[in-house]
Amino acid sequence: MNNQNRSWVPGLALAATLGVGANAMAHEGDGVAIASQVEPPAAAILQLEAVRRAAARYFDVDDAVADGYVDIGVYFPSMGWHYLKGSLLDGTFEATAPELLVYADDPCGGKRRLVAVEYAVPLDLSAKAPTGFAGRADAWTANTAFGLWTLHAWVFEYNPDGVFAAYNPRVQ
């Protein structure tokens with residue numbers, strides 16, 4: 001199925017994901033996770049849709065690389081491969097400009113596919129979890145191994161654990 005014919009799939013997955021609360025889990029070696037069972041309010045759902053539209057230009061991993069995202073060699077099962085755009089790494093949260101894109105390997109050997117975005121704010125620039133999406137549903141993680149506050153948003157792959165959960169059991 002080409003990208004044009006499946007353009008409705010991410011929106012459907014996003015809508016299904018938003019109805020499920022999640023316990024946030026941390027990357028390996030992480031510190032404190034701030035967990036939330038709160039469902040995203042309407043304002044956050046609109047923000048997530050804007051994120052999905054903005055990040056859709058990176059479906060092709062080569063487009064992400066051309067725009068400055070770098071494969072940092074960080075892979076976690078049930079999460080994927082992380083691509084960082086270092087110029088975005090600062091003390092602010094901007095929903096439509098995620099610091100990281102998360103890709104999963106294609107089980108058929110094709111290109112990696114975009115499954116999530118991830119936000120990162122250096123711990124030394126923010127003593128507490130950053131203010132992110134509207135409401136209290138986003139679950140930031142204090143990742144002490146990387147020195148970052150992190151937050152995933154599964155806007156391209158349905159996550160039964162919730163849109164803001166760190167891990168997604170559907171991703172290998």
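**Exercise 1. Is Glu 157 buried or exposed, and which partner does its side chain meet in a salt bridge?**

*Step 1.* Start with accessibility: Glu 157 has a relative accessibility of 10% and therefore counts as buried (buried is under 20% relative accessible area, exposed is over 50%, and partly exposed lies in between, with a 1.4 Å probe and protein chains only).

*Step 2.* Now find the partner. The side chain of Glu 157 meets that of Arg 113 in a salt bridge, 2.8 Å from N to O (a side-chain nitrogen of Lys or Arg within 4 Å of a carboxyl oxygen of Asp or Glu).

*Step 3.* Arg 113 counts as partly exposed because its relative accessibility is 27%.

A word on the ground rules: this is a predicted model, where local features need pLDDT of at least 70 and side-chain atom pairs count only at pLDDT 80 or more, while totals for chains, interfaces and linings use all residues. Residues are numbered from 1 along each chain as its sequence is written, and side-chain values use heavy atoms, leaving out hydrogens and water.

**Exercise 2. Where do Glu 49 and Arg 52 lie, and what is the distance between their closest N and O atoms?**

*Step 1.* Both residues belong to helix α2 (residues 42-55), 3 residues apart, about one turn of the helix.

*Step 2.* Check each end: Glu 49 is partly exposed at 21% relative accessible area, whereas Arg 52 counts as buried at 13%.

**Exercise 3. Which parts does the salt bridge between Arg 112 and Asp 71 tie together?**

*Step 1.* The closest N and O atoms of Arg 112 and Asp 71 are 3.1 Å apart.

*Step 2.* Arg 112 lies in the loop between β3 (100-104) and β4 (113-122), and Asp 71 in strand β1 (residues 70-76), so the pair ties together parts 41 residues apart in sequence.

*Step 3.* Asp 71 has 33% relative accessibility and so counts as partly exposed.

**Exercise 4. How many salt bridges does a search of the whole structure find?**

*Solution.* The search finds 9 salt bridges.

Methods. Helix = DSSP H or I, 4+ residues; strand = E, 2+ residues; numbered from the N terminus.
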